[in-house]
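Open the model in your viewer and keep the selection panel at hand. The stops below say what to select next and what is there.

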Amino acid sequence: MRRAVVLIAVILTALLLQTTVFPELTLLGIKPELLYLVTVVFAALRGPEEGALVGFVGGLAQDFMLNTPKGITALTLTILGYTVGLARQYITSPSPLLPAILVALGTAAGVAFHQGVGFLIGEEDAPFGYLAKVVLLTAVYGAILTPIFYPVLRRAAAATHAGRVVRF
Amino acid sequence: MAIRQRARSTRVLVVILVAVSLAIITVDYRSGDAGPLAAAGRAVNSAIAPLQRAVSSVVQPIGDFFSSLARLPSLAERNRALQTEVDDLKTVRQANQELARRIDSLEQLLGLETITVRSIPARVIASGVSNFEWSVTIDRGSDDGILVNMPVVTGASDGPRLVGRVLRVTPISSTVQLLIDRDFAVPGRLSTSKEMGLVEGRGEDDLRMDLLSPGVEVSETQPESVFTVGYRVNGQRGLYPPGLLIGTVSRAFSEPDSVESYVTVRPAVDFSTLEYVLVLARGRSDEEVAP
């Protein structure tokens with residue numbers, strides 16, 4: 001119950017910031033992808049299961065605010081959360097930059113995957129140059145924002161389970 | 001052993017979530033705007049709308065403050081320039097009112113049908129969530145009489161500039177697809193040559209007006225405006241009333257041996273500073289009755 005409340009609060013806050021604050025704070029005209037950031041950080045902190053779950057719920061919520069067929073973001077973020085959660089178990093780097101790097105790579109891969117699925121079902125027609133720009137800038141922006149959001153998200157992730165917290 | 005068990009249950013969960021996502025994509029792709037998914041979408045959007053309204057009412061003044069701080073030195077001069085322009089426009093407006101009265105009486109004389117437009121003012125409370133879609137959320141919804149596909153404009157009611165169309169409604173908020181969205185298209189007419197074409201959104205780039213005949217004349221000296229066209233196919237009216245300003249032509253492309261030429265159009269609305277809009281509600285019932 002507590003877990004569901006925390007998750008919904010985190011996802012709602014991310015969507016809210018994404019639609020009200022960050023359209024004013026763009027990086028060269030590109031908004032960040034906060035739900036990708038949330039998914040990657042949760043997956044890195046709590047493993048593939050939690051990552052996939054957060055990705056699915058957050059992705060579905062974001063899908064309802066999009067004009068593309070619902071479910072594409074849910075699919076993208078489920079796979080992203082699971083993959084990052086799995087990969088995290090094999091990374092032993094103590095670097096404090098690790099979350100930022102994971103967010104950057106995860107966001108780039110996720111945005112490209114999302115557009116790829118959209119293209120396959122005939123929904124997206126953004127030119128390649130613009131797509132490349134969005135992939136690059138959302139990754140960079142995600143990495144910049146990670147140090148700001150990471151402490152908050154770690155506390156939220158800790159609150160989803162009363163037990164121990166995985167730290168790195 | 002326990003770890004392996006856990007890994008397997010995680011895999012099962014992921015497979016289920018992926019399958020559900022794929023099912024949702026398929027169902028939504030087939031059913032479109034009807035069905036349980038649309039209802040869930042309305043629920044999510046109406047849950048977040050009050051929060052968006054609250055946050056944007058806090059964030060916007062802060063943003064305005066900082067941007068006005070940066071522009072402070074040029075403000076006085078700009079104010080003077082605007083004041084003279086306002087005086088000029090007041091004169092023009094008086095003349096226009098006289099003309100409007102004459103047109104009204106002539107239309108009545110000829111028995112022409114006039115379209116009455118009711119407009120619903122709304123405030124922009126949020127932008128779109130994605131970098132690939134250009135939309136805004138406004139704080140009026142189906143409870144205020146807004147329906148999907150209604151045109152959205154900004155500016156004075158006697159010189160409206162096209163913003164976009166209503167894409168989705170919830171009882172308390174609506175999503176407006178902006179003119180620059182890649183899925184947006186509206187029939188337009190060049191102001192001097194009266195040539196008609198289809199204006200399409202191109203995202204960050206200028207709009208593109210297609211389907212013009214090859215030898216179309218676009219004046220290079222004075223800016224040429226593009227307005228919406230009212231049309232009627234099989235007794236059904238187009239979505240947009242005629243005479244909404246779309247933008248001005250920024251470049252003309254015409255190759256001598258092509259079948260059609262196109263121009264690019266810079267939108268008349270600055271979407272980054274959009275704060276208030278009008279939703280144009282035409283009497284739907286009238287439309288059905290009209291021949």
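Select Tyr36(A), Leu37(A), Val40(A), Val41(A) and Ala44(A) in H2(A); they meet Pro99(A), Leu102(A), Val103(A), Gly106(A), Thr107(A) and Gly110(A) in H5(A). By class, this contact has eight nonpolar residues, three polar ones and no charged ones. Bear in mind that this is a predicted model.

Now show the two helices whole. H5(A) covers residues 98–120, and its axis comes within 9 Å of the axis of H2(A). The two axes cross at roughly 130°. H2(A) and H5(A) are therefore oblique to each other. Their crossing is right-handed.

## Turn to H2 and H3

H2(A) brings Leu35(A), Val38(A), Thr39(A), Phe42(A), Ala43(A) and Arg46(A). On the H3(A) side, select Pro48(A), Glu50(A), Gly51(A), Val54(A), Gly55(A), Gly58(A), Gly59(A) and Gln62(A). Colour the contact of H2(A) with H3(A) by class: six residues are nonpolar, six polar and two charged.

## Then H1 and H6

Select H1(A) and H6(A). Their axes are 8 Å apart, at an angle of about 155°. This pair is therefore roughly antiparallel. The crossing of H1(A) and H6(A) is left-handed. From H1(A), show Arg2(A), Arg3(A), Val6(A), Leu7(A) and Val10(A); from H6(A), show Ala156(A), Ala159(A) and Thr160(A). By class, the contact of H1(A) with H6(A) has five nonpolar residues, one polar and two charged.

## Cross to chain B

Show both chains. How many residues of chain A are in contact with chain B? There are 38, and they meet 36 residues of chain B. Four helices of chain A give two or more residues to this side: H1 (2–20), H3 (48–63), H4 (72–88) and H6 (128–160). By class, the side of chain A that touches chain B has 23 nonpolar, nine polar and six charged residues. The predictor gives the complex an ipTM of 0.81 and a pTM of 0.80.

Zoom in on Met65(A). This residue sits in the loop between H3 and H4 of chain A. Is Met65(A) buried or exposed? It is buried, because 24 other C-beta atoms lie within 10 Å, and the cut-off for a buried residue is 20 or more. Leaving out residues up to four places away in sequence, Met65(A) touches Asn45(B) and Val129(B). Now draw a distance from Met65(A) to Glu50(A), 15 residues apart along the chain. Their C-alpha atoms are separated by 23 Å.

## Look over chain B

Chain B has three helices and 14 strands. Of its 291 residues, 31% are buried. Among contacts in chain B with a separation of 6 or more, 56% join residues 24 or more positions apart.

For one example, select Ala268(B). It lies in the loop between strand S13 (261–267) and strand S14 (276–282) of chain B. Ala268(B) is buried, with 21 other C-beta atoms within 10 Å. Ala268(B) and Val163(B) are 105 residues apart along the chain, and their C-alpha atoms are separated by 8.7 Å.

## Finish with confidence

Colour chain B by pLDDT. The average is 80, and 86% of the residues score at least 70. Which element of chain B has the highest mean pLDDT, and which the lowest? Strand S5(B), residues 174–178, is highest at 92, and helix H3(B), residues 284–289, is lowest at 40. Last, select residues 284–291 of chain B. The pLDDT is below 50 over this stretch. Beyond near neighbours in sequence, residues 284–291 of chain B have three contacts in the model.

Note on methods: Residues numbered from 1 in each chain as written. Chains lettered and ligands numbered in written order. Predicted model: local features only at pLDDT ≥ 70, side-chain atom pairs only at ≥ 80, totals over all residues. Contact = placed C-beta atoms within 7 Å. Nonpolar A, V, L, I, M, F, W, Y, C, P; charged D, E, K, R; others polar. pLDDT = per-residue confidence, 0-100. Buried ≥ 20, exposed ≤ 12 C-beta atoms within 10 Å, placed from the backbone. Axes fitted to C-alpha atoms, helices over the stretch in contact; angles between N-to-C directions. Parallel < 35°, antiparallel > 145°, perpendicular 65-115°, else oblique. Left-handed = near helix turned anticlockwise from the far one by under 90°.
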